[in-house]
Amino acid sequence: MTITERVTITLLWTIGVLVFVVLYGPAFMVVLLSFFDIGREGIDWGSFGFQWYARLGDNPQMLAALGNTLLVGASAVVLATALALGLAYYMKTGRRRGRPLLEFVIFLPFVLPAIITGISLLIAFRELGLERSLITVTIGHVVLILAVIYRMVTIRLEALEDSQIEASLDLGANGRQTFLHVVLPQLRSALVTSGLLAFTLSFDETLVTFFLVGGDATLPIRLWAMMRVGFTPEVNALVSIVLMVTIALAVLGAMSLKETMAHKR
């Protein structure tokens with residue numbers, strides 16, 4: 001190995017390490033600080049413990065916001081999955097009329113700036129006479145994440161040969177039986193992957209939620225409001241828990257995505 005090659009490899013490793021530190025350093029600091037007391041004098045390094053995790057139970061507003069976020073995310077994923085699955089399967093087996101227009105409608109809210117989507121939904125709900133609540137937040141999240149689920153399900157359906165559906169129908173199965181026993185099992189990995197990704201997007205969504213939320217705040221909105229007065233130490237504990245769960249979901253999503261791509265090939 002020449003000197004030039006060694007210098008190049010060393011430089012690339014240095015850049016890689018710096019990028020890793022910049023990206024993940026703040027998250028690591030949050031996890032680290034969740035085990036210590038923080039006062040005006042700074043960090044008390046002798047106070048290591050799980051006291052802030054225990055005190056999460058004494059912060060009902062934070063726990064309520066987390067519960068609202070989980071409820072909205074789970075509801076939005078279920079509704080968006082059902083809608084995306086129905087539309088994608090119709091485009092696979094139907095006459096496919098209006099597909100460009102349909103996909104334009106599905107993808108437009110996702111590619112628009114979130115503030116535009118949020119204001120548009122706010123105006124629409126106001127004209128319809130719907131009060132802002134977790135229901136309007138859920139509808140807004142469905143509009144956002146529908147594109148993600150629809151696209152991944154469509155990719156998997158396009159890899160599914162029409163002959164399998166035709167063979168099932170020729171053997172006497174009706175449309176419902178064909179869908180449940182032939183199509184749906186092959187969509188499992190795509191549904192899991194898209195569902196995890198969509199839930200992550202819903203969990204983190206702030207701008208659209210800001211325009212549609214009522215009296216029951218979600219976790220991002222609660223944290224946003226706390227920025228005015230400062231975060232309490234138990235926020236570090238909560239963020240650490242969410243981070244660990246997110247990493248676990250990311251691993252599951254990556255494994256499901258790998259399985260999906262293997263089926264596609």
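# Rings and helices in a predicted model

Phe203 is buried, with a relative accessibility of 17% (buried means under 20% relative accessible area, exposed over 50%, partly exposed in between, with a 1.4 Å probe and protein chains only). The model is predicted, so local features need pLDDT of at least 70 and side-chain atom pairs pLDDT 80 or more, while totals for chains, interfaces and linings use all residues. Residues are numbered from 1 along each chain as its sequence is written, and side-chain values use heavy atoms, without hydrogens and water.

## Aromatic rings

Rings of Phe, Tyr and Trp (its six-membered ring) form a pair when their centres lie within 6.5 Å; planes under 30 degrees apart are stacked, over 60 edge-to-face, and the rest tilted. The model has 11 aromatic pairs by this rule. One of them joins Phe199 and Phe203, which is tilted because the planes stand at 45 degrees, with 6.2 Å between the ring centres. Phe199 and Phe203 belong to helix 9 (residues 188–204), where a spacing of 4 residues puts about one helical turn between them. Helices here are DSSP runs (H or I, at least four residues), numbered from the N terminus.

Phe210 and Trp224 make another tilted pair, with 5.2 Å from centre to centre and 40 degrees between the planes. This pair links distant parts of the chain, since Phe210 is in helix 10 (residues 207–212) and Trp224, 14 residues apart from it, is in helix 11 (residues 219–226).

Elsewhere, Phe35, Phe36, Phe48, Phe50 and Tyr53 are linked by ring pairs into a cluster. Arg55 lies over the face of Trp52, 4.5 Å from the ring centre (CZ of Arg must be within 6 Å of that centre and within 35 degrees of the ring normal).

## Helix 5 and helix 6

The axes of helix 5 (residues 114–128) and helix 6 (residues 134–158) come within 11 Å and cross at roughly 135 degrees. Thr117, Leu121 and Phe125 of helix 5 meet Thr136, Ile139, Gly140, Val143 and Leu144 of helix 6 (contact means heavy atoms within 4.5 Å).

## Gln164

Gln164 is part of helix 7 (residues 162–170). Apart from neighbours within four places in sequence, Gln164 contacts Val182 and Gln186. Between the C-alpha atoms of Gln164 and Val182 there are 7.5 Å, although 18 residues separate the two along the chain.

Partly exposed residues include:

| Residue | Relative accessibility |
|---|---|
| Phe210 | 42%, partly exposed |
| Trp224 | 38%, partly exposed |
| Gln164 | 30%, partly exposed |

Methods: Helices (H or I, at least four residues) and strands (E, at least two) are DSSP runs, numbered from the N terminus. Axes are lines fitted to C-alpha atoms, for helices over the stretch in contact, and angles run from 0 to 180 degrees between N-to-C directions.
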